[in-house]
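Me: I'd like to go through this structure with you piece by piece. Could you have a look at it with me?

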Amino acid sequence: MGTINRRDLLPGLLPHPEEFLIVSGLAGASKDTAGLTDDGSNLFTMAGAMGSTVAMGLGVALSAPTRDVLAVAGDGELMMGIGSLATVASMMPNNLTIICIDNGMHAETGGQPGHTSRRTNLAIMAQGAGIPSVLTIETPDQINGAAKFITDEPGPRFLWARVSDEPPTAYKRDFDLAARRQIFRTAYLADK
Amino acid sequence: MNPPDREVWSKLVFDKLVDAGVSLFSHVPDFGNTYIIKMADAHNETRSVLLSSEQEGVAIAAGADLVGERAVVCMQSSGVGNCPNYLSLVKGGRFPMLLIVTMRGDYGEENHWQYPVGQAVTPILEAMGVQVIQVDREDELEHATEAAISAAFVGGQGVALVLSQKFLGAKAF
């Protein structure tokens, strides 16, 4: 476990979140992204289909190659779709950044420990999958460097952010996925 | 009776998908989708995406849809068993979805292992809001492909174009 308060993580990493297309997974990860963007039209959050965030981010990145794309996932979500890291590496989208907010537990269901609280090293798994740019951060003073990693290093990028056990951003987002699909598409296509 | 020529029917399906604006062909390799994927790699407006598991293709197609692009997912029938949770995007989110499913475990199958999921393909898909359009005969393929494309990309539905072993021919062991 790191010493980063997750509520400080995304604001520090992404001073201009409106410049990204963002997909985020259940549960805390999407509270943090929705809080960051005020549930913005450039954000698609999930509260189900656990494991799908990285693959959906890949679909966006391959289909919108001129835009910067973020896939933001918790450690439980990432593990459930871990094979997607290899799928990303095979396609090598240079516009995709994966951010794993790792609190080492399934906080949404009561704080049960996850694999990363034991022996699992997500940075080595990402490197092993073939992701070219991988960074691990554990302390608040590393957030600025990680922001540069996202803008400067060749993609696809994987940022493993080990955070403390403090709760995610308190934000009530819209769970209507059909409506959120329309909002995202309409905003993107109008802006294209 | 010999099964229809794979390269010929694959080209028919591929050409219709390209005409419909499909740009991404996600897949887990199967004998039945070999030529479609080769064609997707060779064509300059399409790409294949090699998946580690079939459900990733469902999420990739949903991601493509978010930015107005079209993708399909090609899989053997056994891969349908990996997809239900991600198909929440179809049933709950009304993301259009087109799956190209090449069957095992339905007609003349000799491998015991293929039957459990093979026989469950239609119930699984229908339970998750995906309409099944099945092809048993070569003369059904063209209209079935057109119907699947219309339902998915015009009608906004989840659709599986299921190519049965009656159409494909059963693999001998």
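Me: Let's start inside chain A: how many of the 5 residues of β1(A) are buried?
Reply: In this predicted model, 5 of the 5 residues of β1(A) are buried, so the strand is largely enclosed by the rest of the structure.

Me: What's the order of strands in the whole sheet?
Reply: The sheet in chain A is open and made of 6 strands, which follow one another as β2-β1-β3-β4-β8-β7 with parallel pairing. At the edges stand β2 (43–45) and β7 (133–137) of chain A, each of which has a single partner strand, so one side of each is left without a neighbour in the sheet. On average, and ignoring direction, neighbouring strands of this sheet are turned by 15° against each other.

Me: How do β4 and β8 of chain A pair?
Reply: Strand β4 (residues 96–102) and strand β8 (residues 157–162) of chain A pair over 6 bridges in the parallel sense, and within that pairing A:I101 has A:A161 in β8(A) as its bridge partner.

Me: Which strands does helix α3 of chain A lie across?
Reply: Helix α3 (residues 53–63) of chain A lies across β1 (20–24), β3 (68–74) and β4 of that chain, and runs at about 175° to β3(A).

Me: Switching to chain B, how many helices and strands are there?
Reply: Chain B has 8 helices and 6 strands, and from the N terminus on they run α-β-α-β-α-β-α-β-α-α-β-α-β-α. The radius of gyration of chain B is 15 Å, close to the 16 Å that the globule rule gives for 173 residues, so chain B is as compact as a globular protein of that length. The C-alpha trace of chain B spans about 45 × 35 × 30 Å along its principal axes, and 52% of the 173 residues count as buried.

Me: Which residues of α2 in chain B are buried?
Reply: In helix α2 (residues 34–42) of chain B the buried ones are B:I36, B:I37, B:M39 and B:A40. Seen down the axis of α2(B), the buried residues fall within an arc of 160°, so they line one face of the helix, while B:D41 and B:A42 on the other side are exposed. The buried residues of α2(B) pack against α1 (6–19), β1 (22–27), β2 and β3 (70–76) of chain B.

Me: Last topic, the contact between the chains: how many residues of chain B are in contact with chain A?
Reply: There are 26 residues of chain B in contact with 28 residues of chain A. The elements giving two or more residues to that side of chain B are β2 (47–50), α3 (54–66) and α4 (88–91) of chain B, and α3(B) gives the most, with 8 residues. By type, the residues on the side of chain B that touches chain A divide into 15 nonpolar, 8 polar and 3 charged.

Methods: Residues are numbered from 1 along each chain as its sequence is written. Chains are lettered from A and ligands numbered from 1 in the order in which they are written. This is a predicted model: local features need pLDDT of at least 70, side-chain atom pairs count only at pLDDT 80 or more; totals for chains, interfaces and linings use all residues. Helices (H or I, at least four residues) and strands (E, at least two) are DSSP runs, numbered from the N terminus. The radius of gyration is taken over C-alpha atoms; the globule rule is 2.2 Å times the number of residues to the power 0.38. A residue is buried if 20 or more other C-beta atoms lie within 10 Å of its own, exposed if 12 or fewer, and partly exposed in between; C-beta atoms are placed from the backbone. Two residues are in contact if their C-beta atoms, placed from the backbone, lie within 7 Å. Ala, Val, Leu, Ile, Met, Phe, Trp, Tyr, Cys and Pro count as nonpolar, Asp, Glu, Lys and Arg as charged, and the others, Gly among them, as polar. The arc is that of the directions from the helix axis to the C-beta atoms. Two strands pair if DSSP finds at least two bridges between them. Axes are lines fitted to C-alpha atoms, for helices over the stretch in contact, and angles run from 0 to 180 degrees between N-to-C directions.
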